[in-house]
Amino acid sequence: MKTLIKGGTVVNATGTATADVLIDGETIAAVLAPGSTLLGFDIERNVDQVVDATGKYVIPGGIDAHTHMQMPFGGTEASDTFETGTRAAAHGGTTSIIDFVVQYAGENILDQYNLWQGKAAGQCAVDYGFHQILSDVQDSSLTAMDELINEGVTSFKLFMAYKGVFLSDDGQIVKAMQRASDNGSLIMMHAENGSVIDLLVKQHLERGETTPYYHGVSRPWQAEEEATHRAIMLANLTGAPLYIVHVSAKQAVEQIAAARDNGQNVFAETCPQYLYLSLEDQLGASSPEWGDFEGAKWVCSTPLRSKHEGHQHHMWQGLRTNDLQVISTDHCPFCMKGQKDMGLADFSKIPNGIGSVEHRMDLIYQGVVMGEISLPRWVELTSTTPARMFGIYGKKGVIQPGADGDVVIYDPNGHTSIGVGKTHHMNMDYSAWEGYEIDGHVDTVFSRGRMIVDDDSYLGRKGDGAYFKRGLSQYLI
């Protein structure tokens with residue numbers, strides 16, 4: 001099928017231009033100046049559909065490089081399946097996700113990879129790839145890293161927290177980093193000092209401080225800064241490239257910036273929750289239905305930070321200065337009833353996670369409206385750099401000939417109201433973004449040339465999305 005998107009403003013990370021975009025089959029065939037006769041004098045009569053994007057932005061589909069669909073955690077499982085989660089992503093203008101294959105201690109890594117492939121195959125509304133979580137780093141883990149690179153899994157996530165579940169000690173981390181240095185893969189790090197957090201959690205519970213507010217207090221910024229610094233030093237020792245996930249503390253950003261100033265291959269992402277939400281307003285919230293357990297809706301790790309300490313402002317600043325390069329969601333949704341309420345009497349038993357995959361593009365566009373970032377930077381943070389960081393740029397993350405036909409038409413004069421019963425397609429019984437108003441709207445979404453969303457209607461079907469093999473990072477210094 002041939003589609004001509006005409007009259008829109010094409011926005012790439014490098015700038016904007018009024019241009020027409022021709023999609024032929026699954027790929028972008030041409031980006032043409034308005035009125036161009038390069039492909040003939042009557043191109044509109046030789047295509048199957050014409051979409052008028054006058055007054056609207058034409059952007060590459062969003063890439064959410066950090067999601068957890070159907071992830072087992074804390075005695076339950078993330079409430080979005082690959083089917084429901086990717087359909088919600090499509091509604092929000094995200095046309096690719098990179099999810100995490102989970103390996104718990106003692107599990108065979110390649111078996112887990114095959115299990116996740118089975119979960120996702122034939123289910124996804126948009127294209128998908130995988131990172132691999134490593135928990136116990138054994139010799140077999142190092143061999144599996146090499147084998148997974150051949151399968152298009154070129155990034156490996158380690159944890160400095162969650163003892164007995166995911167935590168790797170520094171020696172295990174160094175072994176994985178040494179292998180990454182050899183094979184060119186990227187190490188991703190959950191950077192929090194787990195031992196300190198475990199102690200603080202125990203002390204709060206002993207004092208009867210059991211509400212969600214203490215989830216945030218028990219994971220202080222010092223635990224994030226220290227672990228971030230330690231991960232940077234271990235990466236420096238081994239020569240491995242390092243990507244810090246879900247950065248929330250301004251002090252951690254300062255550690256990342258210092259390493260980058262020294263020329264080290266250190267990168268980082270933040271998430272919408274760390275730009276807009278706070279310890280006081282969300283984790284400390286109360287409601288008639290849930291009382292002071294209302295804050296459980298926003299329990300995630302790293303936690304929401306105090307607004308009085310200026311972390312949110314510093315995240316926006318880090319995005320402007322490129323000390324932070326990517327905005328992902330860490331989408332890991334749980335319902336309040338039957339999941340989050342497992343921690344009613346003990347905040348440490350609340351499943352950690354926020355659902356945002358549907359709203360990332362809108363929430364970050366609002367940052368453009370607010371003057372926090374530029375229009376090209378919006379595209380760079382949400383699409384282009386994720387593509388470069390994780391080895392899919394050229395096919396994804398850009399409007400140019402030869403790229404996949406992953407295209408979003410975004411109306412800056414439209415409006416989006418977020419909330420249950422309004423804009424909410426994720427499999428959750430609440431919205432972490434209830435009441436947020438966005439000065440823009442996702443009008444039309446193409447995934448590899450197929451129109452899958454138009455005017456809030458889902459036109460796709462289960463299985464439209466395909467697995468993509470990733471190359472090595474294209475973002476290294």
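So, a word on classes to begin: Ala, Val, Leu, Ile, Met, Phe, Trp, Tyr, Cys and Pro count as nonpolar, Asp, Glu, Lys and Arg as charged, and the others, Gly among them, as polar. What we have here is a predicted model, where local features need pLDDT of at least 70, side-chain atom pairs count only at pLDDT 80 or more, and totals for chains, interfaces and linings use all residues. Residues are numbered from 1 along each chain as its sequence is written, and side-chain values use heavy atoms, with hydrogens and water left out.

Okay, the largest pocket. By pocket I mean an open set of points on a 1 Å grid over the protein atoms alone, where a 1.4 Å probe fits, with protein on both sides within 12 Å along at least five of seven lines; lining residues have an atom within 4 Å of a point. This one is lined by 19 residues, and F73, Y162, D198, R219 and S348 lie nearest its centre. Sorted by class, that lining has 9 nonpolar, 6 polar and 4 charged residues.

Now, salt bridges: a side-chain nitrogen of Lys or Arg within 4 Å of a carboxyl oxygen of Asp or Glu. The whole structure has 26 of them. Take D406 and K396, which pair up at 2.8 Å, N to O. Both sit in the loop between α13 (375–389) and β16 (407–411), so their bridge ties together parts that are 10 residues apart in sequence. Helices here are DSSP runs (H or I, at least four residues), as are strands (E, at least two), numbered from the N terminus.

Buried or exposed, is K396? Buried, at 4% relative accessible area; buried means under 20%, exposed over 50%, partly exposed in between, with a 1.4 Å probe and protein chains only. D406 counts as buried too, at 5%.
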